[in-house]
Each structure stands twice: as structure tokens, then as C-alpha cells.
Amino acid sequence: MTKVSMWIVVSLCVSAVTLTAALDNGLALTPPMGWLAWTRFRCNIDCDNDPDNCISERLFRTMTDLLVSGGYKDAGYEYLCVDDCWLAEERTADGALQGDPKRFPSGMKALGDYVHSKGLKFGIYADFGKTTCEKYPGSEFYLKQDAQTFADWGVDLLKLDGCYGDVRDYDYGYPAMTKFLNETGRPIMFHCDWPKYQILAGIKPNYTAIQQSCNLWRNYDDIWDNWDGLSDIINYYVKDDDDFMSYSGPGSWVDPDELIIGNFGLSDVQERVQMALWAMLPAPLIMSNDLRSIRNQSKQLLLNPRVIAINQQQLSTSARRITTVGAVDVWTRSILPTGTKVIALVHMNITRNYAVQARFIAQAKDIGLTDASGYDVIETFDGTSLGHFNPGDTIGPIVVDPTGVSLMTATPTSSLPEQKLNYD
């Protein structure tokens, strides 16, 4: 069978089983939280010279242990995710994927079992194309077999990349993988890079179809461990081409990529920007860092219960930049209890004219605080009260550092006490 005819068959099959192909696995009702290797450890396979940092079962078992002992699991970070470069260079004789025998001598099922024994969930990486991005075996023409393999290994999350595939196939191929995952009978959260590669090829994504097939979906470039990489992604979300944020919500979340908090490239204030906006968007909170050596300030930021509570709500409301005041971008998001607003004041502008602290002053109503009963406002990172503000009151001056953020939560006085956010 030729490639073209094969995908005609897949297309017809997917069309005939729309109800079973549509993603309805009960997963990702809130953005998932966890840890992923890629941005911090990349494709380091030199276990002879760098055994502590190479992509191996040793590294993933260590990070599994630290997710538990470091308090991350208790805070909600429950997925331990393997990315590219875990695979052997060839499939088995019967066509199955397998882990590299030197770096994963116990096998991938044993690694999944270990992750599960610690009360965590196991995530793994594959690629829709002929090979992965790092040229390991891809899943092209093996989707059904690979879905069953992952289920047999106890996989809880599958990230399906899109390197070295034909993007014209993705509108049929990714839904086909959804169907095959459903057929295994195991609930597996499905992370798709489907729209990302279509956009790169100049194809407009069908976000309705993506929403129906994927629990998570990437539509922009990988994040890099520096401010330029982070700010580039933020600016993409400001533009919100094709209104893609309106398709993000319980069961299917847009993913702006990993949290790089605790690595090398961001200052303390820049780490707060990422944590604030990823919580507000809301986005998956998937760390990629070294939990063995993370700075305590970065760790406490990742574990902040007030910020996590903003992220972990079963709501379709998304953060939007509503205005810019001087050098400060104003982002808001509506959350529960009804009428509550989260407000981020982000100082993105570090040009020659604005590489200084910004002083923000505005009336409450101009940043979305319009409830006549007024609002009790807290500084979200540390929980301190900023006071009570009516719509006509002035908020500020608030000082925002260059490439920094001020994050506030405003709860209307009309909300009942029992509706307050639970940060425990």
C-alpha cells in the first residue's frame, strides 16, 4: 500500500468512527502539572562521560524521587515525562518500540512501574513522522501498534511530536492516534504538536478538530532558556492569531511549552513573569529543570499555592492583555469565585527608554474591576493585603521591575466567605 492510499484508508476510518475518535478520556480537566526532561537535559546520551545528566533510567528515577521528597507531588506536579532520545535505534523484530538497552536496561515498563510506585504518572514521547526530531524511530505507519505498546507499559501521557512527517497527513493522522489510544482501554493523556507544524508550513489549523482530538496542543516554537525565548512566546500569545485561546479549556489545553524556572537563563523577576502568566493563561505547568540543584527561591515559586490555585480551575476563561499603560502590559483573567479577577502587570519593555522601573497607576475600573461592591485585593505571590478598592478608586503607584511582574488577585466583596479560593 502506498503512503497516499494508506492515509485515504485512515481518513475513511476516522470519519466513520467520529464518536470513538473524539477525545473523551476524562483527563486534563485542569492543566496538567509535572516534569519533563527536554529543555534542561536535551538529547544528552553520553552516559559514559556524563552519567548523572544523560537521558537514562537513572536520571528519571532520580527526578521521580525528588518530585516526591521535594514536595512537588503534594503541590500537584504528578507527571514524570520522558522526551526524545529514550529509544533504541531500531524497533524489535516484531516492530515494537523499545528503550535504548544501555541507558534503559530495565526497560520502559519497569520505569513506568517505578514512577507509579511513587504515586506519580508516567509520560513518554513519540513522533508522528518517520523518525523523531533526533532521528530515532518514529511512529509513521505504526500508530496502532505503538498506542498498544504504550498502554502495555502503563503510560499515562503521550506527547506526539511532528518532525519528519508530512503535515498534510496530520488532520487525519492525529485523530487516528486518538482513536487507537481510546481503543487500548487505558486513559492516556494525548499531547499533540499537530498545529505547530501546520503553522510552520503555512497551513491554518482546524482548532475545532484539534480540540476534539488532543488533551494538550502546541502551536508555537520551543521555549529557550533565556528572556528572549520567553518573551517571544508571550508576544505570540498577545497576538492570539485565529483566536486560538478560545479553544483552550477543560480537557484540551494550549501548551506554550515548559516552565524553565530554576535553570540558567532567567533572573528572579523573569521567573516570576513566567509563573504568573502560565498560571493565568492557563497553561500546563510542566517543569524542565534540575530538581537536584534548583535554587530555593525558584523552588518556592514553583510551589506557591496561591499561584497554583489560579491555574488549577476547571474554567475555559483565558488571560488576555487588555491594555498597556506606559511600559506596563495589563493582563487579566476571570476565575472563581464568580467575579474574581487576576491581574498581572508585566514590564516587557526594556528598550533604551524603558530599562528602568515602571510606576503603574490606574483606576480600578480601567483594569476590569467594575463590581459596585468593591474588591479585596491581595498581592498573589506573598498573600499580603493591598486593601479594598471600589471601581472609581486609584490603584497604585505599583512599582514593576524591568522584565518583572506584579500579580494581584481581586475578589469582589459581594462573594460569600465560603467561596474564597482554597490555597491549602
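This is a predicted model: local features need pLDDT of at least 70, side-chain atom pairs count only at pLDDT 80 or more; totals for chains, interfaces and linings use all residues.
**Exercise 1.** Determine how α7 and α8 are oriented to each other, and which residues make their contact.

*Solution.* 
Step 1. Two packed helices are described by the angle between their axes and the distance between the axes.
Step 2. For helix α7 (residues 143-152) and helix α8 (residues 170-183), the angle is about 40 degrees and the axes lie 9 Å apart.
Step 3. Angles under 35 degrees count as roughly parallel and 65 to 115 as roughly perpendicular; α7 and α8 are therefore oblique to each other.
Step 4. The crossing in which α7 passes α8 is right-handed.
Step 5. On the α7 side the contact is made by Leu143, Lys144 and Ala147, and on the α8 side by Gly173, Ala176, Met177, Phe180, Leu181 and Glu183.
Step 6. Sorted by class, these contact residues comprise 6 nonpolar, 1 polar and 2 charged.

**Exercise 2.** State how many cavities of 30 Å³ or more are counted, and characterise the lining of the largest cavity.

*Solution.* 
Step 1. The count comes to 2 cavities of 30 Å³ or more.
Step 2. A volume of about 130 Å³ is found for the largest cavity.
Step 3. Its lining consists of Pro32, Leu36, Cys81, Leu157, Lys159, His191, Leu216, Arg218, Asp255, Asp257, Glu258 and Ile286.
Step 4. By class, the lining of the largest cavity divides into 6 nonpolar, 1 polar and 5 charged residues.

**Exercise 3.** Identify the element that gives the most to the lining of the second largest cavity, and classify the lining residues.

*Solution.* 
Step 1. The second largest cavity has a volume of about 40 Å³.
Step 2. Ile233, Ile234, Tyr237, Leu277, Trp278, Leu281 and Trp331 line the second largest cavity.
Step 3. The elements giving two or more residues to this lining are α11 (227-239) and α12 (268-280).
Step 4. Of the elements, α11 gives the most, with 3 residues.
Step 5. The lining of the second largest cavity has 7 nonpolar residues, with no polar and no charged residues.

How values were computed:
Residues are numbered from 1 along each chain as its sequence is written. Side-chain values use heavy atoms; hydrogens and water are left out. Axes are lines fitted to C-alpha atoms, for helices over the stretch in contact, and angles run from 0 to 180 degrees between N-to-C directions. Helices (H or I, at least four residues) and strands (E, at least two) are DSSP runs, numbered from the N terminus. Angles under 35 degrees count as roughly parallel, over 145 as roughly antiparallel, 65 to 115 as roughly perpendicular and the rest as oblique. A crossing is left-handed if the near helix is turned anticlockwise from the far one by less than a right angle, and right-handed if clockwise. Contact means heavy atoms within 4.5 Å. Ala, Val, Leu, Ile, Met, Phe, Trp, Tyr, Cys and Pro count as nonpolar, Asp, Glu, Lys and Arg as charged, and the others, Gly among them, as polar. On a 1 Å grid over the protein atoms alone, a cavity is a set of points where a 1.4 Å probe fits but cannot get out, and a pocket is an open set with protein on both sides within 12 Å along at least five of seven lines; lining residues have an atom within 4 Å of a point. Grid points are joined across faces, edges and corners, and a volume is the space filled by probe spheres set on the points.
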